[in-house]
Each structure stands twice: as structure tokens, then as C-alpha cells.
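Me: I have a multi-chain model open and would like to go through its interfaces with you. Could you take my questions one at a time?

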There are 6 protein chains.
Amino acid sequence: MTKRTIDESRAAREAGHARLVEADHLGLKRFLRLDTACYEDGALPGRTKELLGLVASMVLRCNDCIDYHLEQCIKAGYAKDELVDAMNVALVVGGSIVIPHFRHAMATLEELEAEAGGG
Amino acid sequence: MTKRTIDESRAAREAGHARLVEADHLGLKRFLRLDTACYEDGALPGRTKELLGLVASMVLRCNDCIDYHLEQCIKAGYAKDELVDAMNVALVVGGSIVIPHFRHAMATLEELEAEAGGG
Amino acid sequence: MTKRTIDESRAAREAGHARLVEADHLGLKRFLRLDTACYEDGALPGRTKELLGLVASMVLRCNDCIDYHLEQCIKAGYAKDELVDAMNVALVVGGSIVIPHFRHAMATLEELEAEAGGG
Amino acid sequence: MTKRTIDESRAAREAGHARLVEADHLGLKRFLRLDTACYEDGALPGRTKELLGLVASMVLRCNDCIDYHLEQCIKAGYAKDELVDAMNVALVVGGSIVIPHFRHAMATLEELEAEAGGG
Amino acid sequence: MTKRTIDESRAAREAGHARLVEADHLGLKRFLRLDTACYEDGALPGRTKELLGLVASMVLRCNDCIDYHLEQCIKAGYAKDELVDAMNVALVVGGSIVIPHFRHAMATLEELEAEAGGG
Amino acid sequence: MTKRTIDESRAAREAGHARLVEADHLGLKRFLRLDTACYEDGALPGRTKELLGLVASMVLRCNDCIDYHLEQCIKAGYAKDELVDAMNVALVVGGSIVIPHFRHAMATLEELEAEAGGG
């Protein structure tokens, strides 16, 4: 199977992030900071905004972004059935074209659960 | 200006919805029910899911959908600064191409406020 | 309401098409010919390909394109319930974000029927 | 090469589908049924609607969905040149960004032909 | 016809921009600054980046954004046939779904030319 | 890691291209020629149009297309910081959903540099 494990995804993301920072472009660096900042507590709790990020990633159909936000959502304490309920909104809004990404997300959730239970 | 008022949007949506129902297609009717149902209380409160619907509509850039979800979000009790904070997530995820829709949303919010204050 | 009538849409499309031709760009002209040619009879009948064009326009959410293909589909002899059945596939694949375009399409179909019955 | 074989794709799809069903979310289950139902005979033959599903998947650029619909289209009896003619509509509507998915589809068709001829 | 004149578009954009600034959201303000900054001279001349913004707006199919970038491109000194050549790239990459936006762009160019020649 | 090397990507692209040509569909062949032609010198230099193709590929989020245009841009003599500046426009217009593709592009650039320096 070609699905990357969580550890491979994390390593790829970190290596990729390092390349973006090394590119040494001021606008790009500011964008990366803005991206991080938009999920911090504000008028809405950061926790809620992670869920928004997950749904946005689902309807725009980006597996890397889905994996990232799922991990953040698990850290923020969401239960699996809450995440499924959120992703169901993405499915209805975005249609059956979202289904392969929903399948991907469920496999990632399974890995995250295994990892959490592995201690 | 060509922006429809809220009342025009509501009338157009209702007339359009009636046409969909009259088309008398079983799958279509089921889809419409599924669409309504996905914003009802479940593992997540319906209130939270309205916010997810708003952000999904923003990143997919549909003004009609944005107007609908803004109205539902106002009914669900969200304050303007919370909605702006949610839409800012959509802006960061979806990019500057979302800006015209953010402007549209702010004008709609203004109308909804005027309407609420009009009593 | 801001929905253009069919006649206004046709006039706008023709005026716009004239501007594209006047631009006198060889690649653009070739693209326009390729666009026309792809709906002509080939391995599949042109009639079937008009339906494909309609569904592609629905999931990519372009009202101008939907109106154009609906008109071609009516000329090709599709009945209203067949077009609704085709657009239902677009709805399921593309999700609720397609609904405003489905409403738009039903209004256009109504106009096309009125026009056909007007003789 | 990283292209999954048809058998790997099928296995991944089935495992993923099982995870969706196990998630035990009523709305999600209903969506999956609606998705299956929309390709059954209705005002249009199911066979025609499989072709619509293929073109919708091409313009929305989802390889997993393309593979699924190609397989259904082959089962429904479409010849290779008919599928190429349908996908050419997707190419013209969706542009050169569709080309990598067209290449992917041709490789899948080759595998499906090899499989069919393997008996 | 429902196409807004350039003056109406400018007025709507300014009024909308004012609403975004008044929303008084730090992240949003930073995004707006980042958006402005990315078209300034850098490793590439700002002039070239306006053309990139135009093509990005075309393939993502946003008329408001197209109008804005066309105006900036005219100010930057591009001739009409250069802009047509750039938009032809967007047409090939993005497909026939871009055509209605290409027509819109040609009408806007006509208005911009009339305005420039009006003195 | 699952990222294909440049050589694997090139081989896959060539094999896929051959399948498209073998499909022997006149419209498809014409589209492929139009695609090649649109990056040749015209009102704009081909070199500028390669950059437009890169940015269009970034905002539409297609890694295969990004790799192809990066390679053409390097051949056309763009420096790395110019390409980063162009891709930053894509990032701002297209949003954080573009980030995984920006990371991918930086890895490809690294490979292209290694290849160029390998002589």
C-alpha cells in the first residue's frame, strides 16, 4: 500500500517545512506565521478553529492537511465520533468526491489511536 | 450595485428550493434531507456544525451558501467577532481568492445586524 | 432578481464570443474550435457528450456553462426528468455546494420550456 | 513506480469502505447509499450515469474515483474509444491540469484490459 | 446586462475593503498586508507578479480578482495582446470552464481602454 | 518516502504521454499540441509563460504539473529565488492548502539543482 505511515508523514512535513524556511523569503515566512497564528485562541477557541481547519482541508481535498489537522484535533481532545460528525459536514458540502479522503482520514485516525494506546 | 438584499436572496432561495422539490426526483429529495440533517445536533452540537458549514462555503467560494450559513450562525447566537475569526481560518486556508467572498460576507452581516436591530 | 433571462445570457455570450475572436490570438481561436468539436459525433454520439458537458459544468459550478449545455441538451431531445437525473449525479459527486447551481438550472429549464411552448 | 495496481486499489477501497461503515454515523451511511443509488437505472440508464460519474471525477481530478468509474464503465460495456471520447470532453472542459489524470486513466484501462484478457 | 461597470466594481471593492478593516481582526489585517506585499518588487519585478496574479485569478475563476489584476497590469504597462497571451495560458491550463471569465476579462479590458482614451 | 525521483516522474510522464498518443483521438492530439504551443514565444516570451504555467499549477495543486513547469523554468534560466518569489504569489492567492505543494516543489528544485551540479 502506498499510504504513508504517520511517522513518514511527519518526517516529510518537517523536512519540507525546513526547505520552506531555508528559502529565506520574507513573505513566505510571514505566511507560515499567519498560518500558525490563525489556529490560536481568539474570539473563538483554538480548539474550535482546528475543527474548521479539518473541514476546510476535507472539502479542498488535501490528505496532508487532513492528517495534520486530525492530529491537532486529537491533541485538542476531540473524540472520534465528533471528528466523524465534523467530516460528515465536509462530505455533504463537498460530495462523494470527498469519500476517498474520508477513507484516508479514518485510516489516519486508526493510526493515531494505536499510537496513543501504545504507551 | 448588484448585490442582492437578504430578502431577495431568501425569496430566490425559496423559489429555487420549490423547483427542486417539484422536480420530484427521489435521490434529489433524499439529498436535500441529508443536507438539512447534517447540521442537526449529533456527536457535535448543530451550532458548531453551522460554523463548519460557513467555513466550507467560504473556501469553496459560494456566496449563496455563505449567506445561508451566516444567517444560521447568527440564529445560533454567534457574535460578529466570532464569525470573523472563523472566516479568517477560511481566508488563510483558501487564500486571497477568498477575499471577495469575505467582503460579501461582511456586507451580509451588516444587513443581518440592521434587520435584527430594526425591531 | 438578478438572474439574467435566457435572451440576455445569449446576447452576453455572443458579444463576449465576438470579443474573443477579435482578440485575434491563434491559440485562443484553436481552443474555441476544439471546444466546439468535442461535442460533435465521435466514438460517442454528440448527444451523449452534451450531457457530459452539463455534468462537468455543474460540478465545476459555472452557471453560464450550465445554461449553454442545458440549451444544447434540450435541442438534443433530452426530457426534463432525464436532465434532472443527470444533474443529480453532479449533486452527489459535487455535494451541497452544487445546490445553488441546481436551483439556477431548474429556473433556466423553466424558461426554455416557456420559450418552446410559446409558439 | 508508485501507481497502485488495480488489485491494490480495490483492496484499499474495500478496507477504507469498511472503516466508513464501522464509524457508525447515520448521515454518513445514508450518503453512501445515496452515492450507490444515483448510478442505478432511473430516468437515464445507469450505464449513462456511470459515464457522467467518470467525467465528473476527471474534471474534479480524483484518481481513486476515476479508477472506480472506469471499472464500472468497462462492466457496463463501453469500448475503450468511447471512454477516451468521454474523457476528451473532461479534458476540454477541465484543461491541461486534467492531463496527468488522463494518463493515469489510460494506464488503468490497460490493466483492466489485461485482466479481462487474462482468462 | 448585469456586468458591473469598472466604477461600480471599484466602489464595491473599496466599500468591502473598508468593512474588512473595520472588522478589526489582527490576522485578517496581516493577511491583507501580505496580499499587497506579494506583488511588490522582489526577486521578480512586481510587474511580472501582477501577470502571475492575473493568471492565478483566471484559473481559479474569480471575476472580481481578474478585474483587479487587469487594472494593475494595464498600469504596469502591458499591452492588450500580451494580456491575451497570458490569459490564453490560463485557458489551456484551466479549460473551457475559463471561457466565460475570458469573455468577462475582454469586456473589462474594453472599458479600461475607453477610460484611458477618455482624456 | 513516496515522493518519486525526477527520473521516475519523467519516465512515468513519457509512458503516460505515449498512451495518450496511442489512443489515437484527434481532439486529444490537438489538445496536446495546443498545450505545447501555448508556452512558445508569442506576444509574451515563452519564458514568461512557463512562469505563468508554474503558478497556475500551484494554485490548482497538481504536483506532476508543478514538476514539469519547474523543470522548464530552470531550463529557461530562472534562479531559485525568482521561482520562490513566483510560488509565493501562488501561496498568497491559493492559501495554506498550497503549502504541501510548495514543500513538494522545493524538494524537486533540490533534485534539479543536484542534477545540474552533478556534471
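Reply: Happy to. Let's begin with a contact: 26 residues of chain B are in contact with 26 residues of chain A, where contact means heavy atoms within 4.5 Å. The model is predicted, so local features need pLDDT of at least 70 and side-chain atom pairs count only at pLDDT 80 or more, while totals for chains, interfaces and linings use all residues. Residues are numbered from 1 along each chain as its sequence is written, chains are lettered from A and ligands numbered from 1 in the order in which they are written, and side-chain values use heavy atoms, with hydrogens and water left out.

Me: How do you know what confidence the predictor has in chain A and in the complex?

Reply: The pLDDT is the predictor's confidence in each residue, from 0 to 100. Chain A averages 95 on that scale, and 97% of its residues score at least 70. For the complex, the predictor gives an ipTM of 0.95 and a pTM of 0.97.

Me: What makes up the buried area between chain B and chain A?

Reply: Buried area is the accessible area (1.4 Å probe) that two parts lose on being put together, summed over both. For chain B and chain A that comes to about 2,200 Å², with 79% of it on carbon and sulfur atoms.

Me: Why is the pair B:Lys49 and A:Asp85 called a salt bridge?

Reply: The term requires a side-chain nitrogen of Lys or Arg within 4 Å of a carboxyl oxygen of Asp or Glu. The closest N and O atoms of B:Lys49 and A:Asp85 are 2.8 Å apart, so the pair qualifies. On the side of chain B that touches chain A, the elements giving two or more residues are helix H2 (26-37), helix H3 (46-59) and helix H5 (80-94) of chain B; helices here are DSSP runs (H or I, at least four residues), numbered from the N terminus. By class, that side has 17 nonpolar, 4 polar and 5 charged residues.

Me: What makes B:Arg10 and B:Glu115 a tie between parts of chain B?

Reply: Their side chains meet in a salt bridge (2.7 Å, N to O). B:Arg10 lies in helix H1 (residues 6-22) and B:Glu115 in helix H6 (residues 99-117), so the pair ties together parts that are 105 residues apart in sequence. Over all chains, the count by this rule comes to 42 salt bridges.

Me: What makes up the contact between chain F and chain B?

Reply: Chain F gives 6 residues and chain B gives 6 residues. Together the two chains bury about 410 Å², 49% of it on carbon and sulfur atoms. The salt bridge count between them is 0. The side of chain F that touches chain B has 3 nonpolar, 3 polar and no charged residues.

Technical notes:
Ala, Val, Leu, Ile, Met, Phe, Trp, Tyr, Cys and Pro count as nonpolar, Asp, Glu, Lys and Arg as charged, and the others, Gly among them, as polar.
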